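I wanted to record each item as I looked it up.

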Amino acid sequence: MAFRPTNVHWLWLSAAIILIDQITKQLVFRTMLEYERIELLPILNLTHLHNTGAAFSMFADFPPWVFIVLGVAVSVWILWWLRKHPRDEHLLAVALCLVLGGALGNVIDRAARGYVVDFIDFHWKTWHYPAFNVADIAITLGALTLVLDMFLSGRRASSSSNA
């Protein structure tokens with residue numbers, strides 16, 4: 001089998017996400033009490049919350065190990081994909097590394113604490129968007145980038161078949 005360059009060089013992005021995520025969570029965890037709120041803007045608070053569930057606190061009754069196993073399984077699949085696929089799929093590699101960094105950032109919290117530290121709280125008057133963290137931002141950006149890559153791949157395939 002011939003050597004084929006892979007996308008593993010994008011793992012620096014995952015490492016950066018994990019580092020920034022863990023630093024910001026530690027700052028919140030060490031300097032704020034749970035439920036403490038600091039108003040940054042009229043629509044944005046820092047609020048120290050503990051999320052035992054998945055996105056938007058869904059499945060909060062599930063034990064932490066379920067989310068740890070799921071996060072590790074997704075991470076293994078992403079690493080396998082990065083190893084197996086060609087190096088020229090940049091957008092897809094970036095998207096998957098964003099998801100990988102976010103998933104592992106939250107897995108670290110669940111393994112260490114049994115919950116994820118959330119602290120970014122957008123709100124309008126009495127309505128609050130579910131609190132989130134840097135890992136959640138990375139996962140969301142990764143998912144949006146995956147959608148963009150699928151859209152662009154479809155357009156490239158369509159234009160090449162028409163040529």
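Predicted model: local features only at pLDDT ≥ 70, side-chain atom pairs only at ≥ 80, totals over all residues.

**Entry 1**

I went through the pairs in turn. Strand β1, residues 37-41, is joined to strand β2, residues 44-51, by 4 bridges, and the two run antiparallel. I also recorded that β1 and β2 form a hairpin, with 2 residues between them. For this pair I looked up two positions: Ile38 has Leu46 in β2 as its bridge partner, and Glu39 stands opposite Asn45, also in β2.

For β2 and β3 I found 6 bridges in the antiparallel sense, and here Asn51 has Val116 of β3 as its bridge partner. Strands β3 and β4 are likewise paired in the antiparallel sense, over 2 bridges, and I noted that the bridge partner of His123 in β4 is His128.

**Entry 1: helices on the sheet**

**Entry 2: α2 against α3**

I looked up how helix α2, residues 64-84, packs with helix α3, residues 90-113, and read an angle of about 155° with the axes 9 Å apart. Angles over 145 degrees count as roughly antiparallel, and α2 and α3 are therefore roughly antiparallel to each other. The crossing in which α2 passes α3 is left-handed.

I then listed the contact residues: from α2 they include Phe67, Ile68, Val72, Trp77, Ile78 and Trp81, and from α3 they include Leu92, Leu96, Val99, Leu100, Leu104 and Val107. By class, the contact of α2 with α3 has 19 nonpolar, 2 polar and 1 charged residues; I noted Arg110 of α3 among the residues in this contact.

**Entry 3: α1 against α3**

For α1 and α3, I found axes that come within 8 Å and cross at roughly 35°. Here the crossing in which α1 passes α3 is right-handed. The α1 residues that meet α3 include Leu11, Leu13, Ile17, Ile18, Asp21, Lys25 and Phe29, while the α3 residues include Val94, Leu98, Gly101, Gly102, Gly105, Asp109 and Arg113. I recorded the division by class for the contact of α1 with α3 as 11 nonpolar, 7 polar and 4 charged.

**Entry 4: Val28**

Is Val28 buried or exposed? Its relative accessibility is 6%, and buried means under 20%, so Val28 counts as buried. Leaving aside neighbours within four places in sequence, I found Val28 in contact with His48, Val117 and Phe119. I also looked up the spacing to one of these: the C-alpha atoms of Val28 and His48 are 20 residues apart along the chain and separated by 6.4 Å.

**Entry 5: positive phi**

Tyr35 is not a glycine, yet has a positive phi of about 75°, and I placed Tyr35 in the loop between α1, residues 11-31, and β1. The relative accessibility of Tyr35 is 60%, and since exposed means over 50%, Tyr35 counts as exposed.

Lys125 is another residue other than glycine with a positive phi, near 55°, and I located Lys125 in the loop between β3, residues 116-124, and β4, residues 127-128. With a relative accessibility of 68%, Lys125 counts as exposed.

Technical notes:
Residues numbered from 1 in each chain as written. Heavy atoms only, no water. Axes fitted to C-alpha atoms, helices over the stretch in contact; angles between N-to-C directions. Parallel < 35°, antiparallel > 145°, perpendicular 65-115°, else oblique. Left-handed = near helix turned anticlockwise from the far one by under 90°. Contact = heavy atoms within 4.5 Å. Nonpolar A, V, L, I, M, F, W, Y, C, P; charged D, E, K, R; others polar. Pairing = 2+ DSSP bridges. Buried < 20%, exposed > 50% of the residue type's maximum accessible area, 1.4 Å probe, protein only.
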